[in-house]
Amino acid sequence: MHANLDANLFFVSLLIALAGPIIAISYLKPILYKVMRMLCDAEGGAEFWIRCAYLLAVSGTLLLMLSFGEFSDRSSLVDAVRRSLSLVMAGVFLTVAIISRNVWTQVRQWVAARDLAAHVQSARIATPAAAAAVDAR
């Protein structure tokens, strides 16, 4: 006997799959916007990357839900919601991990470049002082 899909379970699962990543990225948005503004000088660059984060999070979570969600009329609402939440948490975790890894890579490069520039600047300041001390002898 073939199980039929339960439309209510399907739509509840999709609602969870939409709400979870939107809540997660909305939580990260204020600080992510500041970091992206620091890293991306282009006008609208930070907003572009934040919108990409929303799309990545929502589409990835929906893809997980559509691929592995439980929508059978034999499933209870509790089982379907539990599975939906598990898939949404996996999708959000992966999305935030990808975003964090890529942002951290850029932050490390930015900090290294800033430290190198500060080192070069301090070397330029120290060089004239050393030259003046040699000339004074």
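Helix axes are lines fitted to C-alpha atoms, for helices over the stretch in contact, and the angle between two axes runs from 0 to 180 degrees between N-to-C directions.

**Figure 1. Overview of the predicted model.** The structure shown is a predicted model. The protein chain contains three helices and zero strands. Read from the N terminus, its elements follow the order α-α-α. The chain has 137 residues, of which 25% count as buried.

**Figure 2. Crossing of helices H1 and H2.** Helix H1 covers residues 7-39 and helix H2 covers residues 45-68. Their axes come within 9 Å of each other and cross at roughly 155°. H1 is therefore roughly antiparallel to H2, because angles over 145 degrees are counted that way. The crossing of the two helices is right-handed. Where H1 contacts H2, the residues involved comprise 20 nonpolar, three polar and three charged.

**Figure 3. Helix H1 and its kink.** H1 is made of 33 residues. From its first C-alpha to its last, H1 reaches 44 Å, which is close to the 48 Å expected at 1.5 Å a residue. At Lys29 the helix has a kink of about 50°. This kink lies shortly before the proline Pro30.

**Figure 4. Helix H2 and its buried residues.** The end C-alpha atoms of H2 are 34 Å apart. The buried residues of H2 include Gly45, Ala46, Ile50 and Ala53. Also buried in this helix are Ala57, Val58, Thr61 and Met65.

Figure 5. Ile99 is found in helix H3, which covers residues 77-136. Its relative accessible area is 14%, so Ile99 is buried, the cut-off being under 20%. Ile99 and Leu32 are 67 residues apart along the chain, and their C-alpha atoms are separated by 9.5 Å.

How values were computed
Residues are numbered from 1 along each chain as its sequence is written. This is a predicted model: local features need pLDDT of at least 70, side-chain atom pairs count only at pLDDT 80 or more; totals for chains, interfaces and linings use all residues. Side-chain values use heavy atoms; hydrogens and water are left out. Helices (H or I, at least four residues) and strands (E, at least two) are DSSP runs, numbered from the N terminus. Angles under 35 degrees count as roughly parallel, over 145 as roughly antiparallel, 65 to 115 as roughly perpendicular and the rest as oblique. A crossing is left-handed if the near helix is turned anticlockwise from the far one by less than a right angle, and right-handed if clockwise. Ala, Val, Leu, Ile, Met, Phe, Trp, Tyr, Cys and Pro count as nonpolar, Asp, Glu, Lys and Arg as charged, and the others, Gly among them, as polar. The expected span of a helix is 1.5 Å times one less than its number of residues. The bend at a residue is the angle between axes fitted to the seven residues ending there and the seven starting there. Buried means under 20% relative accessible area, exposed over 50%, partly exposed in between (1.4 Å probe, protein chains only).
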